[in-house]
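Let's take a friendly look at this structure together.

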Amino acid sequence: MITVNLAIIIPFLAAILVPFLHKTIKRIHIGWFVFIISSALFIFLIRYIPNIANGDTYLYTIRWIPSYNINFTTYLDGLSLIFALLITGIGALVTIYSINYLSSDENLSHFYSYLLLFMGAMLGVVFSDNIMILYVFWELTSISSFLLIAFWYHRKRSREGAQKSLLITVSGGFAMLVGFIMLFVMTETMSVREIIATVPNFNEHPLFIPALILILLGAFTKSVQFPFHIWLPTAMEAPTPVSAYLHSATMVKAGIYLVARFTPVFGGELTWFWLVTGIGLLTMFWGSFNAIRQTDLKALLAYSTISQLGMIMSMFGMSSAALQNGYSLDSVVYTQAAFAALFHLMNHSTFKGALFMVVGIVDHELGTRDIRRLGGLATLMPITFTIAIIGSFSMAGLPPFNGFLSKEMFFTAALNISNLQFSSETWMNLIPIVAWVASIFTFVYCMIFVFKTFLGNYQEEKLEHPAYEAPFGMLISPAILGALVILIFFFPNVLGEYVLTPAMYSIFPYMNGELGLHINQWHGFNTELMLTIGVIILGTLLYISLRHWKKIYRLLPEKWSFNTLYGNVLEKTESISNAVTNSYMTGYLRDYMVYIYLFFIIAVGGTLFRTQSFLFNIEGNSEITGFELLITLAMMIAAVAILLAKSRLTAIILNSVIGYGIAILFVIFRAPDLALTQTIIETVTTVLFLAAYYFLPEWKKEESKKRSKGVNAIISVAVGVIFTTIALAVQNGKLFESISYFYENSYELAGGNNIVNAILGDFRAFDTMLEVVVLLIAGLGVYTFIKLKARKGDKPLEDK
Amino acid sequence: MAGTNNLILRTATSLISFLLLGFGVYAFFAGHNSPGGGFIGGLMTSGAILLLYMSYGMKTVNQMLPINFKTMIPVGLLTAVLTSAGSFLFDVPFLSHTFGYFYLPIFGEVELATAMLFDLGVYLTVVGVVMTIILTITDDQ
């Protein structure tokens with residue numbers, strides 16, 4: 001039996017196959033293969049509709065990392081089925097469209113591989129029950145979208161758009177991951193179903209609100225909510241099939257999916273209601289307001305997508321009001337908002353997909369999509385024009401198109417919410433007003449889209465190619481979508497009953513009784529209809545007077561846009577981090593030494609100070625003899641003299657005075673082996689110093705500022721004081737018995753009287769062995785360094 | 001230096017260097033019971049050889065002592081490591097040393113310890129490294 005897990009994997013496998021097929025089969029466009037895959041998946045998923053409508057759900061698990069609770073678990077219910085049908089269905093239509101859209105000179109195997117990758121990832125997002133798997137697929141959608149946006153990677157703007165979308169969506173995804181981990185901490189399960197089942201047990205947890213906000217961040221960045229919406233208009237540099245598929249129908253709805261999926265978890269929280277509803281409405285308003293100023297058709301559609309997604313988001317937010325006081329029959333009325341959201345989600349995918357394809361046709365046939373150069377295409381491209389009218393009138397919310405139904409339901413939901421008494425009435429009353437104003441703007445830009453493009457004067461001199469109707473192949477997909485727009489208007493309840501109702505039970509799993517979901521085309525002369533009529537009248541007036549009030553957009557110059565903010569943040573981050581790095585990575589060894597010693601002073605000195613370890617106990621110390629005093633004095637004089645020495649030779653000799661002094665001290669403290677070694681090694685190092693001296697330039701006193709000299713002096717004195725303090729304080733705390741008694745009977749144990757040598761060669765010979773290795777490395781180092789340089793016959797290696 | 005007439009230096013060297021060599025070997029063998037050992041012995045031996053180089057010049061000593069000091073380093077290291085690893089043959093941990101008393105024809109009863117072999121490795125390495133470093137630097141000039 002073919003399971004849902006397999007359905008997710010098939011696109012990935014197909015993505016691997018695409019390049020091979022593309023190479024071997026030259027005659028047939030590789031897109032047909034992708035079309036077969038996506039339509040087969042679509043048919044496979046359609047077969048589930050009757051069972052899902054009966055209330056069945058399907059759960060499949062493939063073990064992945066069971067010890068971490070991470071399993072490839074898929075859950076097929078009403079909600080995921082809606083999204084999966086959109087993904088595969090629109091995927092199939094977009095593929096047909098792209099077959100005609102992309103010429104065979106393009107890198108087709110890349111395109112279709114990315115597309116399949118995206119399709120698989122998107123199916124993974126909607127089917128995953130395990131939150132970690134969900135996150136994995138979530139990031140895969142970001143990556144494949146990045147690849148698709150930058151499909152024409154030789155264009156600078158494509159690369160910029162891809163970078164921007166990746167940065168924004170991935171940082172949101174990262175926040176979401178943290179939210180998921182918090183969820184796991186609270187519930188100790190990674191399964192969404194189990195999390196939903198245990199909600200009442202953990203909604204008082206201190207991590208509950210942070211998790212809510214972080215997960216919403218993920219949803220908002222992906223679903224282009226305010227102020228993260230800026231990546232979508234720049235992502236319009238992608239090929240139009242990609243824009244139609246990813247940036248209107250599927251990927252940008254992943255955030256919507258997430259919100260819908262987690263509504264049963266967080267919906268009871270007021271924060272959730274306000275964030276989702278508020279941000280959604282703000283996005284809806286801001287998107288529709290900005291869409292009007294656009295001159296690029298795709299940018300207009302991008303802002304319209306932003307606006308429509310804000311609308312869907314706000315409806316999900318409104319529906320969470322049903323959970324405020326727990327599940328009850330009274331709250332059923334608020335669940336209608338979620339129903340409207342799901343319905344509009346479907347509608348938006350149909351008409352926005354069609355509209356993007358229309359823009360693609362215009363762009364493809366005429367070589368431009370600038371509104372100012374277009375016009376009068378209605379008679380030249382009648383079919384495209386018809387589809388454009390259907391799509392944009394539906395978007396504007398006019399009958400007899402499906403957008404009308406969902407817009408009416410949206411108004412109903414907004415009006416219902418305004419009757420709700422949470423906190424203050426003014427805020428509640430604001431919701432339907434904002435919704436209504438945003439709808440007016442929506443109406444205006446829809447009219448701009450149709451009439452500025454297709455009516456007016458035909459200006460052939462401004463176009464790259466004269467206008468002709470698009471080839472048949474490019475018209476199939478938008479025509480199907482356009483037909484769906486009308487069909488859904490006349491038979492909305494087919495969709496509502498079989499597809500949307502089961503999804504409602506996934507969003508409100510514990511809602512008692514009937515949710516009473518029914519869509520009416522005609523519901524009498526009520527407030528909603530009045531609102532729509534108001535939208536039409538005011539929208540028409542605004543459209544006609546567009547020239548007069550368009551100036552207000554100049555009040556909001558480009559300088560103050562979020563795009564500029566984003567650019568500045570990127571630039572500043574780079575320049576500041578550059579400045580910070582340059583400020584301390586000076587390239588001077590001297591400075592790094594200062595950091596190291598400063599760190600030492602702060603860390604060790606601070607510890608000494610904090611633990612108050614300045615206890616000195618000199619009781620057990622032995623007497624100081626005059627001889628020791630004399631040698632120490634000589635060494636100290638030599639040490640101070642080095643600092644004042646005028647020539648390098650003096651410094652070398654004085655240095656060896658210290659070395660021999662130490663050797664004499666070893667003699668006094670009865671360490672003959674050490675004394676012997678110290679004497680010889682001191683001699684050897686002095687000789688090596690002298691050998692190096694011969695090649696060194698004149699010793700110049702450093703010309704440093706008085707201030708840095710002072711700092712150096714302070715640092716060195718501080719380091720010396722700290723070391724002395726430690727050495728003195730250490731005597732105070734003797735925590736363990738000495739272990740030297742063990743070596744006293746070395747003659748019995750190792751057969752030698754020389755304890756030092758027995759330790760070096762027998763008891764602790766491992767250290768000796770490795771020290772011999774150190775010697776070996778040093779010898780080889782000197783040898784190779786000198787010989788290599790000599791062989792190359794040029795400058796020493798260091799100077800290169 | 002080789003060209004100049006350093007009669008006193010050379011005469012003294014021929015005496016002192018052998019004394020030094022002897023002392024180096026003594027320090028090496030004595031290390032087990034009195035001050036000394038592989039490291040000091042090795043340093044002294046290299047000091048003696050260096051003295052020879054200083055008074056007689058590179059060419060002469062190279063002919064006199066046809067030793068490649070570079071090969072001495074790995075030989076010494078191998079001696080030390082193999083001695084240490086030899087303990088595996090007797091199923092004891094790495095670097096386990098043992099000692100015993102044996103009767104040898106000339107020396108009479110003598111204490112022999114495997115630690116001595118280990119020390120020999122140290123000795124050879126030290127001589128090799130010191131000589132390599134100094135000869136390489138000298139050669140470069």
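## Two helices side by side

In this predicted model, α13(A) and α15(A) are roughly parallel to each other, because their angle of about 5 degrees falls under the 35 degrees that this description requires. α13 covers residues 254-266 of chain A and α15 covers residues 297-319 of chain A, and their axes lie 10 Å apart.

Which residues bring α13(A) and α15(A) into contact? From α13(A) come G255(A), I256(A), V259(A) and A260(A), and they meet L309(A), I312(A), M313(A) and F316(A) of α15(A). Sorted by class, this contact holds seven nonpolar residues and one polar residue, with no charged ones.

## Where chain A meets chain B

Now for the interface. Chain A brings 34 residues to the contact, and chain B brings 36 residues. Between them the two chains bury about 3,200 Å², with 75% of it on carbon and sulfur atoms.

How many salt bridges cross the interface of chain A and chain B? The rule finds zero. It does find five residue pairs in polar contact across this interface, both residues at pLDDT 80 or more.

## The chain A side

Four helices of chain A each supply at least two residues of the side that touches chain B: α28 (672-693), α31 (746-750), α32 (755-763) and α33 (765-792). The largest share, 14 residues, comes from α33(A).

By class, the residues on the side of chain A that touches chain B comprise 20 nonpolar, nine polar and five charged.

Definitions and conventions:
Residues are numbered from 1 along each chain as its sequence is written. Chains are lettered from A and ligands numbered from 1 in the order in which they are written. This is a predicted model: local features need pLDDT of at least 70, side-chain atom pairs count only at pLDDT 80 or more; totals for chains, interfaces and linings use all residues. Side-chain values use heavy atoms; hydrogens and water are left out. Contact means heavy atoms within 4.5 Å. Buried area is the accessible area (1.4 Å probe) that two parts lose on being put together, summed over both. A salt bridge is a side-chain nitrogen of Lys or Arg within 4 Å of a carboxyl oxygen of Asp or Glu. A polar contact is a pair of N or O atoms within 3.5 Å; within protein, one must be able to donate a hydrogen and the other to accept it, and residues adjacent in sequence count only if both atoms are side-chain atoms. Ala, Val, Leu, Ile, Met, Phe, Trp, Tyr, Cys and Pro count as nonpolar, Asp, Glu, Lys and Arg as charged, and the others, Gly among them, as polar. Axes are lines fitted to C-alpha atoms, for helices over the stretch in contact, and angles run from 0 to 180 degrees between N-to-C directions. Angles under 35 degrees count as roughly parallel, over 145 as roughly antiparallel, 65 to 115 as roughly perpendicular and the rest as oblique.
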